[in-house]
Amino acid sequence: TDYGADPQTRAAVLRFEAAAPARGWRSWWGAARLPRFDTGDLLGVVPPDGTAPRYYSLASAAADGVVEICVRRQAGGMCSTHLTDLQPGARIEAFVQAHPSFRPVGGEAPVVLIGAGTGIGPLIGFIRHNPPQRPMVLYFGARHPDDDFLYRDELHGLVGDRRLRALTTAFSRASPRAHVQDRLLADSQPLRTLIAQGAQVMVCGGRQMAEGVAGAWERILAGTGLSVAQLRAQGRYVEDVY
């Protein structure tokens, strides 16, 4: 599924199934199957003629039966160009790397998800698998609602079935312009309440966005006796930043 009118900066949601084993002595060993992995783990992809893998956060778990990632085409990006140029039916070679530090903690405490652009990938996976009784809210930033609002229809459906309690969006190239940190600051009081209830904060996206979000949280937490550093030490503020 492609998003974005500009072919040089478009984003894509890609879903892969396990390829059938090659004919020969291995073919009797069993049907094609995916390795074990959880949402938030990493998919390592080495592009053709490349030497080092590029890692993408997984939006799916092995139980979903597909490998799902979100990719934005980067200028001069060998791997992102290769992936966003793929046509249905194409194959890739990839491997899974565990990323256990980026997971919702167990229990029923609230979870605040914050992502921008393709950083939505693992976050929507967490929402899909979230039980309705657990409060989970999402702050999502993109450029324009008509151009790169990834998973828009599915997200609204997840709000409808209560796996996602609230969806707050910020668009940097729409009117009025806003970034996710602006939306966070506007919701300072309800976010303080969630933190008081033991909420975990999960941030996924570019480094500049993550720095802005951390700065917003320092302002939100002012006067509460807590800081971002303290939440990190407690495992209640985790990031997947690239």
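The model is predicted, so local features need pLDDT of at least 70 and side-chain atom pairs count only at pLDDT 80 or more, while totals for chains, interfaces and linings use all residues. Residues are numbered from 1 along each chain as its sequence is written, and side-chain values use heavy atoms, with hydrogens and water left out.

Start with the strands. Helices (H or I, at least four residues) and strands (E, at least two) are DSSP runs, numbered from the N terminus. Strands of a sheet pair through backbone hydrogen bonds, either parallel or antiparallel. Here two strands are said to pair if DSSP finds at least two bridges between them. Two bridges hold the antiparallel pair of strand 1 and strand 2, and tyrosine 3 stands opposite alanine 11 of strand 2. Strand 2 and strand 5 are also antiparallel, over six bridges; valine 13 has cysteine 70 in strand 5 as its bridge partner. Five of the six residues of strand 2 are buried, where buried means under 20% relative accessible area, exposed over 50%, and partly exposed in between (1.4 Å probe, protein chains only).

Strand 10 (residues 200-205) has parallel partners. Strand 7 pairs with strand 10 over five bridges in the parallel sense, with valine 112 opposite valine 201 of strand 10. Strand 11 (residues 237-241) also runs parallel to strand 10 and is joined to it by five bridges. In that pairing, methionine 202 has valine 238 of strand 11 as its bridge partner. How many of the six residues of strand 10 are buried? Six of the six are. Gln200, Met202 and Cys204 lie on one side of strand 10, Val201, Val203 and Gly205 on the other, and both faces are covered.

Next comes a residue in a helix. Threonine 84 belongs to helix 1 and is buried, at 4% relative accessibility. Its side chain makes a polar contact with the side chain of arginine 73 at 3.0 Å. A polar contact is a pair of N or O atoms within 3.5 Å; within protein, one must be able to donate a hydrogen and the other to accept it, and residues adjacent in sequence count only if both atoms are side-chain atoms. The side chain of threonine 84 also reaches the backbone oxygen of serine 80, at 2.7 Å.

Charged side chains make further links. Side chains of opposite charge can pair when their charged atoms come close. A salt bridge is counted when a side-chain nitrogen of Lys or Arg lies within 4 Å of a carboxyl oxygen of Asp or Glu, and by this rule there are eleven salt bridges. In one of them, aspartate 85 and arginine 10 have their closest N and O atoms 3.2 Å apart. These two residues are 75 residues apart and link distant parts of the chain: aspartate 85 is in the loop between helix 1 (78-84) and strand 6 (94-97), and arginine 10 is in the loop between strand 1 (2-3) and strand 2 (11-16). Aspartate 85 is partly exposed, with a relative accessible area of 39%, whereas arginine 10 is buried, at 14%.

A salt bridge also joins arginine 103 to aspartate 41, at 2.6 Å from N to O. Arginine 103 lies in the loop between strand 6 and strand 7 (111-116) and aspartate 41 in the loop between strand 2 and strand 3 (42-45), so the pair ties together parts that are 62 residues apart in sequence. Aspartate 41 is buried, at 3% relative accessibility. Arginine 163 and aspartate 161 form another salt bridge, at 2.5 Å from N to O. Arginine 163 is partly exposed, with a relative accessible area of 25%, and aspartate 161 is partly exposed at 31%.
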